[in-house]
Amino acid sequence: MFSKFTSILQHAVEAVRPPAGPATPRRGCDPGLAPSAGRGLGPGTAPFPAAPRRCCWRGLAGRASASGTALPRAGEAEAELPGRAPEGAREGNESPQRGPGEPGVPGEEGAAAARAAPAQPPAVTAGHCRPRCPAPGLRAALAWPSPCRCPAVSARRTIKEGNQETPQHFHLVLTSRQQPPSPVLLRDALAPSLPLQEDFVYHWKAITHYYIETSDDKAPVTDTNIPSHLEQMLDILVQEENERESGETGPCMEYLLHHKILETLYTLGKADCPPGMKQQVLAFYTKLLGRIRQPLLPHINVHRPVQKLIRLCGEVLATPTENEEIQFLCIVCAKLKQDPYLVNFFLEVIQDPVLHLCRRQSKLKAMALQGSASVITEDMIKDQESVPTDTGQPGQPEETPGAAGAEHMEREDELPQQAEELSFSLDELNVTSSPESSTACPNQDYNLVNSLLNLTKSPDGRIAVKACEGLMLLVSLPEPAAAKCLTQSTCLCELLTDRLATLYKALPQSLDPLDIETVEAINWGLDSYSHKEDASAFPGKRALISFLSWFDYCDQLIKEAQKMTAVAMAKAVRERFFIDVMEPQLMQTSEIGILTSTALLHRIVRQVTSDVLLQELVYFILGEQREPETLTDINRHPLRHRLIEHCDHISDEISIMTLRMFEHLLQKPNEHILYNLVLRNLEERNYMEYKPPCQEDKDVVENGQIAGAVDLEEDPLFTDLSPDNTLSAQEWLSASPPVSPEHPKNDGKTEVHKIVNSFLCLVPDEAKSSYHVEGTGYDTYLRDAHRQFRDYCVICLRWEWPGSPRSLEKCNLEASFFEGHFLKVLFERMGRILDQPYDVNLQVTSVLSKLSLFPHPHIHEYLLDPYVNLASGCKSLFSVIVRVVGDLMVRIQRIPDFTPKLLLVRKRLLGLEPEGPIIDHMTLLEGVIVLEEFCKELAAIAFVKYHTSATP
């Protein structure tokens, strides 16, 4: 019956017991024995106490029967108890002589008195929850755990020992003569919770007691209760914070800070004693910083050990602690992101190395001359451990002597030898300490960045990605001191660029441009590729994805970085990767190499999103020149000259790829691109023939023409007009905006209907085929032009371009005009449109239409105004097309059935007709179709630009 009630009560206690760590093995029936208890413990040594709240209900009976000691009756306050001094000893205020057993076991006299007690089972018995320290003084010396904190049934009584009243704690064991109480009554009435601080101190002292008592330093930490105690300490800190007002520091947190617990844990983690302790320390730091809401890092006893622990991370790759290391570093980065000013605590100022060696030499020589280990303090040892740092805070806190005892002794033996070696090395270098050298040259160190950089090289992809995320948080901090330290005192820029170069060089020498262009969108955080699962795999795809993924990371990192950091990283990418690695590939003569490198450059241009990196990329491709070009200095920037020449390369593939690269480059939000390629040559408007205005030129004739303008409708080339492709003046004027004071009708621009009809009438009627096929009308280009022009206006809005052309009186019209190398090549390509492949023609006209869309008045005037009076020897886009049309009209006469063949080719291109026999003059026919569509596109752009600019 007794065992039945005991079992019921034990289950009741388990039901109300708070969560604790895993149950620990016990020796016999003694509760609270750590797994290491009994391993190498000498006589009279108390076993290491286990986690609290673990009580063995049958432990008292087992201990009493084993020692032959009877249990006291209920109500007998003066009954002899195990570990209690005999009556005689109490009266004499002397401690009894203990037996050879465990501490607290009475001597023979106490045992005899205990055997004389009645043997009947008592109603209520008492016993110790866990081993007691034999004396209060020894408890304090050994950091003995606090008294019993069992949440089950406990009783507290005061027993006089000499002249002192010592509280004694016992478990009450219910016999069969009583009904088992409810768990709630047992918890609340018999075992009220003790203050959190006492519980917190117990767990911490239990950890330190392990290092005092254990003699087996090879057992892994998972075989001890240290993880459980650390977890309980965290739970107590979180509970304490939840029970208090926001920002208020509780006694447990004050104890942790005042007693430098984090410093001690760092020492234990660095020594990794017991094995696996470093993981536990890292996890404790991570959870502490993550779960506690109040700011901890400003405390010197927090950020100092955190800084030390950061140095231990990333020292060796592929270690078992990598996961805990990256979690710890990321939580620190997250805290710095929340409060950026805290980063100043992690910027260490390293003194001048030569001066530091001199100071270390003097200190080590002084210690060596002492010859006694007693004069070597712990602070001196730590000075040998690392370079002195200064963060503007008080000195480093001390580490626990008991925890670092072994390391302390080893270093004491090594110090004299270190002093001699350092003295010899300094004498060899002939370094002398002079008064001038007393002022050190500060140099900051950013260990947090260095540790993350090391972990980016981890073979575990998840660890590397987390490290990259941590770096992205750090580079975005707005603190100038951190930005300067990051760029000048870390190898961040070198790592980014060196890895880019390595991945680029790992690419195959020949890659299909289509594969480079169509490879799926790259995200640096999701660089996962399986060759076996990819149905569209091609040789080199894995290497290509890795390169593009890392470039995407560099781009995003620069995009998120503080301005100073971003500029430094972008310049490093330009100098160490673009110029040193990519430029030789782009300048080579091998067609295969040129095609592959140009395709990669095109992909980079498309992929870059950071404004700072884009600026450096543009300077790399085009140079930084902004003065007008001349024929003699077009080779001033070799790469720009070579790339523009590749637009007219003998290889059509290279020409198309280079043109596509320039097309995407023009769409990037960077003003220098268009200015360098086109605008700097149009600034003076010296493409125009200047005539002093007279009164007659200012009058507008009744038919709407401007005086002096050439009416192209009277030109023999445009007498045969198709009604489907021209609109009357009344229709165009009705579509134009109304006249307003801000935008008068005669504002120096030719009326829009004249310009549009001029482009629509360029191609003769016998060379037109679009009006025979539905869905190829002019209106489709209007919609596209309106959308594209709106997008270009958004891009160019911040560039503050003028709304009207520069006054001719302020222009240098005497200077010779050169349209620039880029437009020169494009005009030459456009002039050969009837003799070039269809794909080349499409790409040339695409680039020219993109240029025409820019809302700059000089570009509009030079490319889209057919009525501009060109200076002698100058050519414009319209004049180039007129020459092409003149050549076309001559060649049409020599081709029989030209119009039916032209219509058949258009239908084949549109997929309306199946492929059939090869048609003669296919290249010419395809060129005519492209020319017609290009003229319609230019007409639509001209109308949209005029309509938008004339709208108030």
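Start with the largest nonpolar core: of its 210 residues, select L265, F328, Y446 and F577, which touch the most other members. A nonpolar core here is a set of buried Ala, Val, Leu, Ile, Met, Phe, Trp, Tyr and Cys residues joined through side-chain atoms within 4.5 Å. Helix α38, residues 922–950, gives the most to this core, with 16 residues. In soluble globular proteins, nonpolar side chains tend to be buried together.

This is a predicted model, in which local features need pLDDT of at least 70 and side-chain atom pairs count only at pLDDT 80 or more, while totals for chains, interfaces and linings use all residues. Residues are numbered from 1 along each chain as its sequence is written, and side-chain values use heavy atoms, with hydrogens and water left out.

**The whole chain**

Show the chain as a cartoon. The protein chain has 38 helices and five strands; these are DSSP runs numbered from the N terminus (helices H or I, at least four residues; strands E, at least two). Of its 952 residues, 48% are buried. Buried means under 20% relative accessible area, exposed over 50%, and partly exposed in between (1.4 Å probe, protein chains only).

**F328**

Which residues does F328 touch, not counting residues up to four places away in sequence? They are L282, Y285, T286, L289, V306, L309, I310 and C313. Contact means heavy atoms within 4.5 Å.

**Helices α23 and α25**

Next select residues 563–586 (α23) and 611–622 (α25), which pack at an angle of about 35 degrees with their axes 9 Å apart. The axes are lines fitted to C-alpha atoms, for helices over the stretch in contact, and angles run from 0 to 180 degrees between N-to-C directions. On the α23 side the contact residues include A566, V567, A570 and F578, and on the α25 side they include V612, L613 and F620. The residues of this contact divide into 13 nonpolar, no polar and four charged. For this count, Ala, Val, Leu, Ile, Met, Phe, Trp, Tyr, Cys and Pro are nonpolar, Asp, Glu, Lys and Arg are charged, and the others, Gly among them, are polar.

**Aromatic pairs**

Rings of Phe, Tyr and Trp (its six-membered ring) pair if their centres lie within 6.5 Å; planes under 30 degrees apart count as stacked, over 60 as edge-to-face and the rest as tilted. By this rule there are 18 aromatic pairs. Select Y504 and F547: this pair is edge-to-face, 5.5 Å centre to centre, with 65 degrees between the planes. Y504 lies in helix α20 (492–505) and F547 in helix α22 (541–560), so the pair ties together parts 43 residues apart in sequence. Both Y504 and F547 are buried.

Now move to F827 and Y862. Their ring centres are 6.3 Å apart and their planes stand at 40 degrees, so the pair is tilted. F827 is in helix α33 (821–831) and Y862 in helix α35 (857–864), 35 residues apart. F827 is buried, with a relative accessible area of 2%, and Y862 is buried at 1%.

Select C273 and P274: the peptide bond between them is cis, with omega near -5 degrees. P274 lies in the loop between α10 (261–271) and α11 (277–291).

Is E800 buried or exposed? With 71% relative accessibility, E800 counts as exposed. Its phi is near 55 degrees, a positive value in a residue other than glycine.

Finish at D897, in the loop between α36 (877–892) and α37 (898–910). Phi of D897 is near 50 degrees, also positive in a residue other than glycine.
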